[in-house]
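Trainee: Before I use any labels for this model, I would like to see what each one rests on.
Mentor: Then ask about them in turn.

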Amino acid sequence: MFIIGELINGMYANVGRAIKEKNKEIIQKCALEQVNSGADALDVNCGPASRNPLSDIQWLVETIQEVTDKPLALDSSKIEVIESGLKVVKNKAIINSTTADSQKLEKLIPLAKKHQAKLIGLTISSKGIPQNKDQRLELAAAIIAACIDNDFSVENLYLDPIVLPVNVAQAQMKEILESIKEFKIISDPCPKTIVGLSNVSQGTNTRSLINRTFMVMAAACGLDAAILDPLDSELIDAAITADLILNKQIYCDSYLQAYRKK
Amino acid sequence: MELMLEKWAGAVSVLNIGATKAEGGTRAKSIQIGGEKTLPFLSAEGALAHKPVIAFEVWDVPPYDYTNGKDALAWAEICAKDYAAELICLRLQGSHPDSGNKSAADQAQLVAQFLKKVSLPLVILGCGDDEKDNQVLPACCEIARGERCLIGSATQDNYKTLAAAVLADGHNIIAESPIDINIAKQLNILISDMGLPLERIAINPTIGALGYGLEYAYSIMERARLAGLSGDKTLACPFICFAGQEAWRAKEAKDAGIEQGILWETITATALIQAGADLLVMRHPKAIEKVKSYINELSGS
C-alpha cells in the first residue's frame, strides 16, 4: 500500500497556526513523524482558512523539502494553488486532485505532464457525488479518456471512488469497494486506485477501527494507495499485514519492523 | 516481436571482499559481487554489474570426501598459481571437537599464515559447532582485521558473537538459513539491527545438489531475488552457494568415478548461477574451469 500522510493540512489547528506564524519547526516535525511512521508521501494542504494559499503552499513545500525527499501531494481544489506549489516542488509531485469536469482535466493533465507528476482523479463532477458504482465507473472512464487524449500515462493516474462516511451512506460502502475493483478493468494498462480514508469514519465514535477495517477490505479489492493518518500505528500495522496476506511482501517474524525500515 | 521488459525498483547490494593496501589491507585485489538490477543474464533489462565469481574451497584438515592430498596452505597456493583462483574459501573444519578440536589460537595462526602466503581475498568458514565457532571465528576476525574477509556462518540461533566480531574488525558476514526465505529475511534484519549494514551481508540460502533438492533451493533463491529487485532491501543481498560441498555429498558424485563427480558439481553450480548465485564455493579445479567458461560465455566475455 502506498501511504500518503494526511496530517499537513491547515484544517488542523496546530498546522493552521504554524502556517499563519510561519513556524517551520512544527511543519517539519509533522513531516518527519509521518515519514518515520511509514508514510511514502505527504499530503500538503493549506486549509480553508489560508488567506494567501498561493504563497502558503510554496512555503509549506519548501519547508517540508528541507527535511525529506518523499513525494508531495499538492492538495487543493484550486488549480492556481496547485500550479503555485508545482513551481517550487523539487521532490516527486502528486496533483491532488482533478475532478471529472472537463475544464479541470484540460488544465491539470497538461500540468501533471509538464511536471512529471502523478495525478489523483476524483470520480465526482459539478453534477455532484456519484450515488452508485455505475456512476463512478462512468466518471472514471471520462477521466481515463481525457488522460489518453492528452497522452498522459494512465499508470500515473490514481482514481478515487470518493469514500463517504459510513454513518451517512452505509449502502454505498459496497458500491465503493466494487468500484475499486472495476476501475482496474477500464483500461490496459490500468489506472491505480486511491482513497481518502478518514472520511469513512467521519462523525463516528470508533474512527480508528472503521478506518482500519475499510482499508483492509479495500486492499483486498486491489487498492493501491491511501491518504491517511500514518501515526495511527494499528492502521499502518493492518496495511502492512494486508500487503503480507496479498503476497506483496515476504513474511518474516519482524515483518512489521522490516516494512517500516524499508 | 516486441520484448516485454521488466523494470525493477531495487537492486542487489554490492559486497566488497578483500581490502588492498590502499584500502587498509594486504590483498592483491578486492572482489565485488552483486549489484544486479535484473534477473541473471537478462542484460536487455538492466545492468548485471558483477559477474558471478568462484572461490576454491580449501580445508585446514583433510576433507571427508573430495581429497587432493595436499595440506591447506600448499593447496591454496596451487589454486592461486596454477588455477588462477580469484578467491579462497578456507574452511576451519579442524576446530570441530570431532575433527581435531584445534584451538582458537592455532586457527588464528593458520589464518595469519594464509594472509601472508596467499594474496587473494579470503572467505573463512567455521566448523559448524556453534560453541567452538564462537571462540575460533572472533579470533580469526581479529587477526585478519582490515582484510575485509567474508566470514561465516551466522544462523538465526547463533549470530550475535560473529556479527559483533565482524563489525568490530571490518569484515563481511555470511547469513545462513535452512532453505527458508522467511528465516533468511529475519536473520538479515537481526544482523542489521546489531549495526552491521545489509551491504555487508551475503545470504547463504543453503542449497541442495542436483537430485537433492536443487529445484527447491532454486525456487527460494528466485523468490528472494524477485523480492530484492522489487525493493525489499532485507533480501537484496548477494548469494553465496556451497555448490562443491553439496555436489560431492551426492552418491552419484562419489561412487561413479571422478568425471561424473566433476559433472555433478558443474551442473549444480551452473543451475545455481541461473538462480542468481553471486559467489560459488567449489572444489574440483576441472569443474571450476567449466563453470568459469560457462559464466564467461553467458556474460559475453
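Trainee: Which residues does B:Ile124 touch, not counting residues up to four places away in sequence?
Mentor: B:Ile124 touches B:Leu90, B:Leu92, B:Val111, B:Cys140, B:Cys149 and B:Ile151. Two residues are in contact if their C-beta atoms, placed from the backbone, lie within 7 Å. Note that this is a predicted model, in which local features need pLDDT of at least 70, side-chain atom pairs count only at pLDDT 80 or more, and totals for chains, interfaces and linings use all residues. Residues are numbered from 1 along each chain as its sequence is written, while chains are lettered from A and ligands numbered from 1 in the order in which they are written.

Trainee: Why does B:Ile124 count as buried?
Mentor: The cut-offs are 20 or more other C-beta atoms within 10 Å for buried, 12 or fewer for exposed, and anything in between for partly exposed, with C-beta atoms placed from the backbone. B:Ile124 has 25 C-beta neighbours inside 10 Å, so B:Ile124 is buried. The residue sits in strand β5 (residues 122-125) of chain B; helices (H or I, at least four residues) and strands (E, at least two) are DSSP runs, numbered from the N terminus.

Trainee: What makes A:Thr99 buried or exposed?
Mentor: Its count is 21 C-beta neighbours inside 10 Å, and therefore A:Thr99 is buried. A:Thr99 lies in the loop between β4 (93-98) and α5 of chain A. Beyond four places in sequence, A:Thr99 touches A:Lys104, A:Leu122, A:Ile124 and A:Ser125. For A:Ser125, 26 residues away along the chain, the C-alpha separation is 5.8 Å.

Trainee: What makes A:Ile176 buried or exposed?
Mentor: A:Ile176, in helix α7 of chain A, has 25 C-beta neighbours inside 10 Å and so counts as buried. With neighbours within four places in sequence left aside, A:Ile176 is in contact with A:Pro161 and A:Val163.

Trainee: How do you know how α4(A) and α5(A) are oriented to each other?
Mentor: Helix α4 (residues 79-88) and helix α5 (residues 102-114) of chain A pack at an angle of about 5°, with their axes 11 Å apart. Axes are lines fitted to C-alpha atoms, for helices over the stretch in contact, and angles run from 0 to 180 degrees between N-to-C directions. Angles under 35 degrees count as roughly parallel, over 145 as roughly antiparallel, 65 to 115 as roughly perpendicular and the rest as oblique. The two helices are therefore roughly parallel.

Trainee: Which residues meet in that contact?
Mentor: A:Ile79, A:Glu83 and A:Leu86 in α4(A) meet A:Lys104, A:Lys107, A:Leu108 and A:Leu111 in α5(A). They divide into 4 nonpolar, no polar and 3 charged. Here Ala, Val, Leu, Ile, Met, Phe, Trp, Tyr, Cys and Pro count as nonpolar, Asp, Glu, Lys and Arg as charged, and the others, Gly among them, as polar.

Trainee: How many residues does each chain give to the contact between chains A and B?
Mentor: Chain A gives 9 residues and chain B gives 10 residues. The chain A side has 4 nonpolar, 3 polar and 2 charged residues.
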